[in-house]
Amino acid sequence: MQRNKTYRLPFLLLSLALIFCLALNASLGSVSIPLKDTLSALLGGPLEQESWRYIIWNYRLPKALTALMVGSGLSLSGLLMQTLFRNPLAGPFVLGISSGASLGAALLIMGASLLSGWFGTLLLTDVSVTIASSVGSLLVLLAVIAVAGRIKDTMALLIIGLMFGSITTAVVSVLSYFSEAEQLRQYIFWSYGSLGHLSWPQLALLGSVLTAGVLLSVLAIKPLNGLLLGEHYAKSMGISLKKSRFLIILATGLLAGSVTAFAGPVAFVGLAVPHLTRQIFDTTDHRVLLPAVLLYGAILLLLCDTLAQLPASAYVLPINAITSIIGAPVVIWLLLRKRKMIF
Amino acid sequence: MSATYTDAPVSHSLEARGLSVGYRQGKKVLKVAKDIGFTLQKGGLSAIVGVNGAGKSTLLRTLGRVQPPLSGQIFIQGNALGSIRDRDLASQLSLVLTDPIATRNLSVLELVSLGRQPYTNWIGNLAPEDREKIQSAIQTVGLEPLQFKKCYELSDGQLQKVMIARAIAQDTTIILLDEPTTHLDLYHKVQILTLLRDIAHKQGKTIVFTTHEIEMAIQLCDTMLLLDNAGNPFGQPCQLIADKRFDTLFPRDLIQFDADTGAFRVHKSAHDTQK
């Protein structure tokens, strides 16, 4: 068989690009550290200044790993949504799933202030913010699915997703109107998106939730491929629709929810990366696409983050702004080349 | 597994008894067709015909368990359709529906390969045997030169063949097709139907399809089911002609069935009013 492609070369190149981007990302920042010393610090070698080791291990490496995980997680959830909804414009952001996470976070951050005193502060741990945003995103996702069951028109579904987003924004506005300056500030900073504030234990938590999401997605590979033909065909080939839909929704909720919880909303990555990946990997097989979007998403977000931290300056731009500036033109470009917009 | 079915006492491949099909919307029941009964043996091509809205597609989708029956029973190789698990049904019955496939970005080979899903492992890896079946399915419909093309590059007729190849690759004894010849020109209609007849006869499959091409079905099918809302006769085309069942299928103000040629003729008077 001539076309039993394994896509070894693109995978190898992407992996090398990922390692390069990781090193590049870790070597650039407000303090100038040569690439040589960055690598040396990571590998435990000697350094010109010992303080560099601290910067790299406690600031830059966690940040780079966060970027890697956020990029991978959002891209995979985008791929899952596009196949589940059979819509090339689906993604965690477009369908209001990120807004759901925002609502969860807002309710907790700003709502906790209403519960005055120590109980409120006790609620406001990173774990609870994560749980709140995950629950928020899962609820919106379930609402979208419930509507999706009644409505066959996918464009209508997207509009409904946007409406869910609007409702969320409205609720968040009401909450911010009543909340104190301190909490409002905390929420607004959360909504900028940030990759640079996670500690190692938080990273471990994000990593484990994402791993769970990826594992669930791997279990869903076969149903995902079946769903490429539509639900009736998938069912006729022996796929349990109920089970696989639940699996895919749960995976998306874990991936998009936890990422948004830890890093805030990061726009367009989930929508754009699956399409960019399909430009390289000429297949619809999720056995290939799944690892490919993980790699591609990680690379893209590492690059965006490298741009966001404005090399050789002390400023860090909001990551959400950077991904939108890059992502929105990509979506427009894809729409203009309509033929390729089929997923 | 399949060996036990072939020499089972009940050799009927597909059987319907007192079947009513339609839709339920809340408490409202919309009955599209009722009193349907037929028995299909292995290795035959059968058509379901009737006027628009007679319930051809509804019946086919009910037989394929895309929607539940309102009442009555369906048996597949002697087992009640409702009692068969999804996964087991997938190796006994395959579908070619009118639903557009969700993505046309699949290559022909990828799409046909999906037909092996009931047999592949949890992640869908293809065993050598699966690859053989896929290639032979592609050969059966004559798509070897196109197998690496994307579905969006294909014509309607080619895409229809791909969907048929997928159903063949699924390796089931029963294949149900919903209007496989719509949107095709006369030549390709005949091509698809003769292809289906060959597959039914040579591979011993039970193939059922819905169609508006009554004249073509009369020539090519082994049995036909007429949804005429008056007993829904089922039998061999020549028998149905002899029983004058086609004469009353349509309102007779415009067309008339000609038993000698097995075709419908437009009334002379209809000609005149046109002039």
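**Close-up views of a predicted model**

**View 1. Strand β6 (residues 93-96) of chain B runs parallel to β7(B), and four bridges join the two.** Strands here are DSSP runs of E with at least two residues, numbered from the N terminus, and two strands pair if DSSP finds at least two bridges between them. Across this pairing, L95(B) sits opposite L176(B) of β7(B). On to the next neighbour: β7(B) also pairs in the parallel sense with strand β8 (residues 206-210) of chain B, over four bridges, and here I175(B) faces I207(B) of β8(B).

This is a predicted model, in which local features need pLDDT of at least 70 and side-chain atom pairs count only at pLDDT 80 or more, while totals for chains, interfaces and linings use all residues. Residues are numbered from 1 along each chain as its sequence is written, chains are lettered from A and ligands numbered from 1 in the order in which they are written, and side-chain values use heavy atoms, leaving out hydrogens and water.

**View 2. Strand β7 (residues 174-177) of chain B is covered on both faces.** I174(B) and L176(B) are buried on one side, I175(B) and L177(B) on the other; buried means under 20% relative accessible area (1.4 Å probe, protein chains only). In a regular strand, side chains alternate between the two faces of the sheet.

**View 3. Four strands of chain B form an open sheet in the order β2-β1-β4-β5, with antiparallel pairing.** β2 (28-40) and β5 (79-80) of chain B are at the edges with a single partner strand each, so one side of each has no neighbour in the sheet. Five bridges join the antiparallel strands β1 (residues 14-25) and β4 (residues 71-76) of chain B, with L14(B) opposite I76(B) in β4(B).

Key. Buried means under 20% relative accessible area, exposed over 50%, partly exposed in between (1.4 Å probe, protein chains only).
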